[in-house]
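Hello,

Here is the structure I promised to pass on. Please open it first, then read my notes below.

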Amino acid sequence: MKGKRIIAILSTCCIIFTGLYLRIASIMSDDFYRKTAEKQSSYTLTLPTGRGNILDCNFTPLVNESYEYIAAVLPTDQNFPLMLQHAVGYSEEELAQLYSSQKPFLCRVDTYQILDEHIQVFPLYKRYTDQTTAAHVIGYLNEEQKGISGIEKAYDEFLTQSITPTTITYMLNGSGVGIAKKKPEIHYGNSPNNGVVLTIDKQIQQIAENVGSQYLTKGAIVVMECDTGKLRAVCSFPSFSPNDLQSSISDTENAPMINRAFTPVSVGSTFKIVTSAAALISGYESTQEYECTGAYQLGTERFHCHLLKGHGILDLKNALMVSCNPFFINLSLNMNPDQILKTANDLSFGKQYELAPGLYTQAGTLPLLEQLINPGQIANLSFGQGALSATTVQLAQMASAVANGGNTPTPILVEGITKDGETMIDTPNISSIQAMPSAVANQLKEYLTACVMEREGQNAKPSNVSAGGKTATAQTGIYIEGVEQNHGGFVGFFPAEDPKYVVAVLAENAETGNENASPVFREIAEAISILGK
């Protein structure tokens with residue numbers, strides 16, 4: 001009897017299992033259930049990848065200075081109110097639409113702490129602040145996080161190499177809905193340590209930006225280390241926010257996307273430094289005198305001095321101090337114009353410079369000898385007008401040659417690269433060309449120091465350090481409502497006894513260089529001197 005019961009039980013189990021097997025087979029063959037099973041899968045979210053850093057000369061970050069927070073969200077009824085409270089950039093309707101799909105999604109949030117097991121928050125570097133330091137130098141990225149301008153473009157491949165993203169993988173049920181009971185699988189990416197080290201000094205850059213924003217509506221500032229050509233600050237005004245490019249692109253009146261420091265403009269009287277250098281190189285005796293009567297008559301053409309009654313008898317030092325156009329016209333017409341052009345070229349005029357791979361300053365225009373076909377064109381060139389233009393960087397190079405004893409430095413923007421965030425490789429070569437003998441440079445340095453320290457009413461004179469330099473008010477040939485727009489300029493060095501820095505200032509649409517550019521130099525020189533750099 002006992003054996004028969006066991007046989008009966010086993011038979012019953014076989015019948016039941018056979019039924020289950022047939023049922024499962026039926027389900028598997030059903031089209032609805034087959035398609036549902038096929039939908040069962042994983043779903044992966046990929047966080048934005050970071051980029052290598054851009055650092056100043058002291059390894060201080062110029063980007064990646066703060067964090068933003070990205071949440072990986074598995075939608076549930078319980079966490080919708082939390083996301084409504086913390087989501088950044090979404091309306092309630094937009095957030096509700098994301099939730100309606102019931103699939104995981106990424107969302108920027110305003111905090112790192114959201115207490116819900118189905119919300120994972122990740123801190124990511126925020127690439128730019130709204131007022132990014134040295135924005136025109138750093139450049140910006142497109143929506144695919146590819147470098148489009150500046151250092152971001154020049155070193156795009158290096159800044160993105162060997163970077164892996166963080167991924168969050170969820171399991172979805174047969175209906176394509178995230179399975180709340182299963183924790184997501186997180187694979188963390190690497191944090192890049194590589195970076196580009198610039199010659200920019202963040203403290204000096206911020207000083208120049210702060211002073212420039214007070215005085216300059218449109219313009220540029222360059223601070224250069226005069227012995228090396230290293231660019232310690234490069235500013236263009238107005239600036240732009242890499243976080244709001246559309247506003248800047250649409251501002252066609254002010255064109256904030258243009259880097260005015262690398263763009264050539266009319267030069268004006270700062271070019272008198274070149275004319276003076278060329279004359280002294282040619283053997284001109286600086287004690288020779290010329291009488292300014294208020295104008296220079298050249299055939300049928302009359303060149304007026306800014307002081308209509310004339311400056312009277314001047315030597316070279318005093319002519320620079322009062323910026324007398326007739327004096328420099330006479331000076332240029334009594335020497336070989338080829339010497340002016342050679343000196344200008346040796347002082348950087350007419351030259352383009354590559355500051356980073358594919359990142360250039362513009363060459364500007366320096367006329368050829370055959371283009372100076374009449375004395376009037378030579379006269380215009382002598383005081384920085386006519387077919388002449390230069391960048392603010394080139395003016396800084398010119399003044400650096402005077403300040404350092406006669407050598408025009410090659411401008412340097414990139415100090416090197418780093419692969420570990422601590423040590424630097426691929427440092428640049430310091431190079432220069434001799435533009436004038438040291439005796440000529442020292443003589444001009446003395447005269448330009450007098451222009452700042454002795455000239456009455458000179459707005460460039462700092463209160464806490466000696467300095468030298470030259471103003472300019474350049475005609476542009478551009479008229480608005482019948483009024484010609486002038487550019488104001490100043491380029492100078494400090495301390496005068498042993499110069500370390502040159503500051504070149506461009507003020508577009510200015511009254512005069514002394515009114516609009518000189519005070520910028522003064523305040524920057526004072527602030528850097530206080531730092532003790």
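This is a predicted model: local features need pLDDT of at least 70, side-chain atom pairs count only at pLDDT 80 or more; totals for chains, interfaces and linings use all residues.

A disulfide is a covalent bond between the sulfur atoms of two cysteines. To count as one here, the two sulfur atoms must be within 2.5 Å. The structure holds 0 disulfides. C292 is in none, and its nearest cysteine sulfur is that of C324.

Are these two cysteines buried or exposed? C292 is buried, with a relative accessible area of 2%. C324 is buried too, at 0%.

**The whole chain**

Now step back. The protein chain has 18 helices and 22 strands. Its radius of gyration is 34 Å, well over the 24 Å that the globule rule gives for 533 residues, so the chain is more spread out than a compact globule. Along its principal axes, the C-alpha trace spans about 140 × 50 × 45 Å.

How much of the chain is buried? Buried residues make up 50% of the 533 residues. The chain exposes about 25500 Å², and carbon and sulfur atoms supply 49% of that area.

Next, contacts. Take those with a separation of 6 or more: residues 24 or more positions apart account for 69% of them.

Last, charges. The chain has 36 positive and 52 negative charges. Their mean positions are 12 Å apart.

Best wishes

Note on methods:
Residues are numbered from 1 along each chain as its sequence is written. Side-chain values use heavy atoms; hydrogens and water are left out. Helices (H or I, at least four residues) and strands (E, at least two) are DSSP runs, numbered from the N terminus. The radius of gyration is taken over C-alpha atoms; the globule rule is 2.2 Å times the number of residues to the power 0.38. Buried means under 20% relative accessible area, exposed over 50%, partly exposed in between (1.4 Å probe, protein chains only). Contact means heavy atoms within 4.5 Å. Accessible areas come from the Shrake-Rupley method with a 1.4 Å probe; for residues, only the protein chains shown count as cover. Lys and Arg count as positive and Asp and Glu as negative; His and the chain ends are not counted. The place of a charge is taken as NZ of Lys, CZ of Arg, CG of Asp or CD of Glu.
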